Amino acid sequence: MAQTLTILGLESSCDDTAAAVVRQTGDGQAQVLSSVVFGQTELHSAYGGVVPEIAARAHVEKLDLCVVQALDEAALGLQDLDAVAVTAGPGLIGGVMSGVMCAKGLSAATGLPLIGVNHLAGHALTPRLTDGIAFPYLMLLVSGGHCQYLIAHGPESFTRLGGTIDDAPGEAFDKTARLLGLPQPGGPSVEAESQGGDPKRFRFPRPLLDRPDCNLSFSGLKTALMRVRDQIVAEKGGLTRQDRADLCAGFQQAVVDTLAEKTRRALRLYMAENPSEPAVAVAGGVAANTAIRATLETVCAEQGARFTAPPLKLCTDNAAMIAYAGLERFRAGARDGLDLTARPRWPLDQSSPSMLGSGKKGAKA
């Protein structure tokens with residue numbers, strides 16, 4: 001029987017400062033003992049998006065408080081831990097550095113092993129934490145900064161089937177909210193506004209559906225919405241509440257339809273590998289969208305694959321997923337030294353060509 005492990009996780013890749021404690025018993029059952037998240041929405045609200053410098057400073061101020069609270073809620077001390085896991089990338093470099101330096105300090109002071117975690121792997125492995133699904137499974141990672149179809153073969157083995165060539169869906173939701181004067185974060189605002197809208201009033205494009213691959217694009221969809229908005233304003237002198245609701249509903253439906261069709265294509269590629277227990281998981285902040293969840297569940301049922309999505313609190317950035325991903329790496333024998341480097345870019349599938357370009361800092365995705 002495998003050893004019981006208890007891992008502290010730290011997450012600070014964007015605008016959420018988080019710490020969590022996860023324990024996995026010898027039989028493989030994982031439990032989140034605590035999960036603390038300090039958001040920064042109010043700090044960035046006046047700027048229409050996340051300001052990296054403000055985010056980094058807030059992480060420095062909150063990380064130690066997060067750790068103390070997470071340990072208190074788990075009723076544990078540092079001496080009860082087996083390792084410290086931390087997001088080492090990708091993300092806003094100031095925030096990633098804050099988390100890495102905090103984790104290094106804890107490791108140096110206590111002698112606890114240090115485990116660097118790819119933030120994307122944290123999202124991609126969340127279904128194993130919450131539902132215990134077996135490899136291989138198809139993962140749709142859909143968030144504010146990322147959108148990828150991945151086959152997860154193991155804790156550090158992923159094959160990318162496709163992804164966004166420009167804006168991620170969450171970024172498109174945020175930009176749409178700004179165009180329509182809705183508060184940030186844009187995803188929940190657009191979804192809430194769409195509840196009273198007619199998705200058929202405005203027919204927005206479904207980008208890249210004319211191509212047979214699994215790649216996606218959402219930049220043009222946002223531009224199409226802006227043009228329709230400007231046309232309405234020119235004709236009426238402004239937007240009514242119903243106009244805005246209909247625009248949100250039409251935009252959201254275009255995203256839903258695009259993800260549904262691309263998921264069907266990704267499923268066919270995944271099913272060709274003849275998995276013994278076909279499973280599809282969705283994770284990332286946009287996975288909290290109920291319309292997207294419901295449609296993907298229907299697509300999976302059509303193909304005879306199990307559909308799973310984490311609880312909403314584990315869709316957005318959190319440290320429980322980092323602790324669990326670190327736990328999987330730890331069990332596999334991975335250890336990092338105090339020379340662990342913060343990385344702004346870190347593709348999960350490093351054998352596939354970059355989709356969004358590359359530079360001195362490495363491939364973006």
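I count two residues as in contact when heavy atoms lie within 4.5 Å. The model I am reading is predicted.

**Entry: Phe204**

I looked up the neighbours of Phe204, leaving out residues up to four places away in sequence.

**Entry: the cores**

Next I checked where Phe204 belongs. The largest nonpolar core has 80 residues, and Phe204, Tyr137 and Leu259 touch the most other members. Which helix gives this core its largest share? I found helix H8, residues 241–271, with eleven residues. A second core is separate and holds 24 residues. I noted Ala19, Val36, Leu81 and Val86 among them.

**Entry: the sheet**

I then traced the strands. Five of them form an open sheet, in the order S3-S2-S1-S4-S5, with mixed pairing. On average, neighbouring strands are turned by 20° against each other, direction ignored.

I looked at one pair in detail. S2, residues 16–24, runs antiparallel to S3, and nine bridges join the two. In this pair Arg23 of S2 stands opposite Gln31 in S3.

**Entry: helix on the sheet**

Last, I asked which helix packs on the sheet. Helix H4, residues 119–131, does, and it touches S1 (5–11), S2, S3, S4 (83–89) and S5. The direction of H4 makes about 95° with that of S5.

Key. Residues are numbered from 1 along each chain as its sequence is written. This is a predicted model: local features need pLDDT of at least 70, side-chain atom pairs count only at pLDDT 80 or more; totals for chains, interfaces and linings use all residues. Side-chain values use heavy atoms; hydrogens and water are left out. Two strands pair if DSSP finds at least two bridges between them. Helices (H or I, at least four residues) and strands (E, at least two) are DSSP runs, numbered from the N terminus. Axes are lines fitted to C-alpha atoms, for helices over the stretch in contact, and angles run from 0 to 180 degrees between N-to-C directions. A nonpolar core is a set of buried Ala, Val, Leu, Ile, Met, Phe, Trp, Tyr and Cys residues joined through side-chain atoms within 4.5 Å. Buried means under 20% relative accessible area, exposed over 50%, partly exposed in between (1.4 Å probe, protein chains only).
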